[in-house]
Amino acid sequence: MVKKNERPKGTDMTFNDRFLRACRREAVDRAPVWYMRQAGRYDPDYRRIKEKYSLLEICRRPELAAEVTLMPVRKLGVDAAILYSDIMIPLEGLGVRFEIVRHQGPVIAEPVRTAADLDRLRPGAADGGLPHALETIRILVRELKVPLITFAGAPFTLASYLVEGKPTRSFRLTKTMMYGEPELWHRLMGLLAETAAAWLRAHVEAGAGAFQLFDSWAGALSPRDYERYVLPHVRAVFDMLSDLDVPKIYFPGVGAGELLPLLAGLKADVIGVDWRVSLAEARRRTGGRFAVQGNLDPYVLTAPTPVMREQAARVIDEGMAEPGYIFNLGHGLFPEASLDKLRELTEFVHEYSADRASKTR
Ligand code: CP3
């Protein structure tokens with residue numbers, strides 16, 4: 001059977017499947033690399049596009065969204081593309097109205113805090129940007145010589161924006177609902193799990209070659225609360241999608257090291273790790289069954305080149321100690337990152353990891 005987004009062997013020798021192979025913990029000639037938020041403001045060409053169009057406007061123009069997705073692939077030489085979209089967009093399909101405010105993030109017109117608020121949310125209320133995203137994916141699959149990763153927000157991370165109505169550091173209102181109205185909380189989380197799963201399934205059916213579930217803020221919870229209030233819904237997303245024959249990545253976000261032992265049974269292939277936990281320790285905590293992805297501190301990109309290389313080499317040494325390693329940052333790229341530095345880093349990862357792979361063969 002031909003796997004999605006992977007050309008039959010022998011017919012297209014130019015398709016780079018290094019990322020897919022690493023996700024499956026197969027042997028690779030060098031470590032694949034991509035960056036969370038690799039399409040973004042560090043790129044002057046992207047900034048020029050953003051002078052004319054907002055993120056949501058770009059997403060509604062499939063040709064443009066495809067172009068923005070391709071830019072970092074061409075400029076940086078990364079081994080995977082990630083669809084230009086946002087975790088909030090599938091919520092349009094529930095009738096949620098929001099804006100993405102510059103330097104702040106998602107702001108919701110009517111936050112969801114009561115049962116009546118939740119009852120207003122209806123699957124299928126609008127198309128949720130899905131037709132545009134599917135058209136963008138179809139264009140990309142024709143153009144790309146690397147796999148296309150699609151993504152969705154995990155239930156807790158989405159719930160935090162919906163309940164708070166805006167980005168938060170404390171998660172006060174989110175936790176107020178979680179502890180005080182567990183039934184309402186689980187209903188909301190269940191709806192968000194289904195919304196994410198439907199979005200991801202449609203994307204894979206249109207040709208996306210892998211997906212990542214972003215749980216950016218799950219590290220705000222104790223392991224016990226995560227297990228009780230969040231994990232069942234994360235598990236549900238992966239269970240609903242377990243028939244899809246593409247690599248599945250879970251990124252439990254920043255500061256989630258203490259949650260890793262709870263992920264051992266998840267029907268995912270890859271776990272994303274931030275820089276607070278070593279990759280060796282992340283493998284140990286998750287039971288050794290997953291490929292790992294990460295985990296350079298994004299701000300290492302501000303360091304002098306020799307320091308950056310030294311830091312990246314340590315990460316690669318740890319990652320490549322076992323099969324199943326994908327180089328990435330521990331969180332998304334920041335807008336002030338330098339394009340030249342990113343190119344240098346990508347090249348270094350490829351060279352250093354190729355050297356290492358050839359020595360261990
Ligand atoms: O990785 C990629 O290049 C693909 C595109 C992508 C975007 N958002 C586009 C975007 C991805 C994977 C996301 C995920 C996302 N969005 C997350 C999870 C990842 C993470 O960072 O933890 C979260 C929490 C969001 C919500 C969101 N959207 C925030 C917090 C912001 C930042 C607001 C700001 O101005 O600082 C956004 C806006 C956003 N999403 C931008 C991009 C390229 C910036 C908009 C711009 O370019 O002006």
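Predicted model: local features only at pLDDT ≥ 70, side-chain atom pairs only at ≥ 80, totals over all residues.
Residues are numbered from 1 along each chain as its sequence is written, and side-chain values use heavy atoms, with hydrogens and water left out.

Let me begin with the ligand, which is surrounded by 27 residues, where a residue counts as near if one of its heavy atoms lies within 4 Å of the molecule. The closest are R37, Y46, K50, S216 and H331. By class, this shell has 15 nonpolar, seven polar and five charged residues; here Ala, Val, Leu, Ile, Met, Phe, Trp, Tyr, Cys and Pro count as nonpolar, Asp, Glu, Lys and Arg as charged, and the others, Gly among them, as polar.

Which atoms meet the ligand's oxygen atoms? A backbone N or O atom of R37 lies 2.6 Å from an oxygen atom of the ligand, and a backbone N or O atom of A39 lies 2.9 Å from an oxygen atom of the ligand. With D86, a polar side-chain atom lies 2.8 Å from a nitrogen atom of the ligand. On its own the ligand has 870 Å² of accessible area, of which the protein covers 92% (Shrake-Rupley method, 1.4 Å probe). The elements that give two or more residues to the shell are helix α2 (44-52) and strands β2 (98-101) and β3 (105-108), these being DSSP runs of H or I over at least four residues for helices and of E over at least two for strands, numbered from the N terminus.Turning to the cavity, the structure holds one of 30 Å³ or more, a cavity being a set of points on a 1 Å grid over the protein atoms alone where a 1.4 Å probe fits but cannot get out. The largest cavity has a volume of about 40 Å³, and its lining includes P252, L260 and D274.

Finally, T157 is found in helix α7 (residues 155-164), and T157 counts as buried because its relative accessibility is 0% (buried means under 20%). Its side chain is joined to that of D215 by a polar contact of 2.8 Å, that is, a pair of N or O atoms within 3.5 Å. T136, in helix α6 (residues 130-143), is likewise buried, at 2% relative accessibility, and its side chain reaches the backbone oxygen of H132 at 2.8 Å.

Methods. Polar contact = N/O pair within 3.5 Å; in protein donor to acceptor, adjacent residues only side chain to side chain. 1 Å grid on protein atoms, 1.4 Å probe; cavity = no way out; pocket = protein on both sides within 12 Å on 5 of 7 lines; lining within 4 Å. Points joined across faces, edges and corners; volume = space filled by probe spheres on them. Buried < 20%, exposed > 50% of the residue type's maximum accessible area, 1.4 Å probe, protein only.
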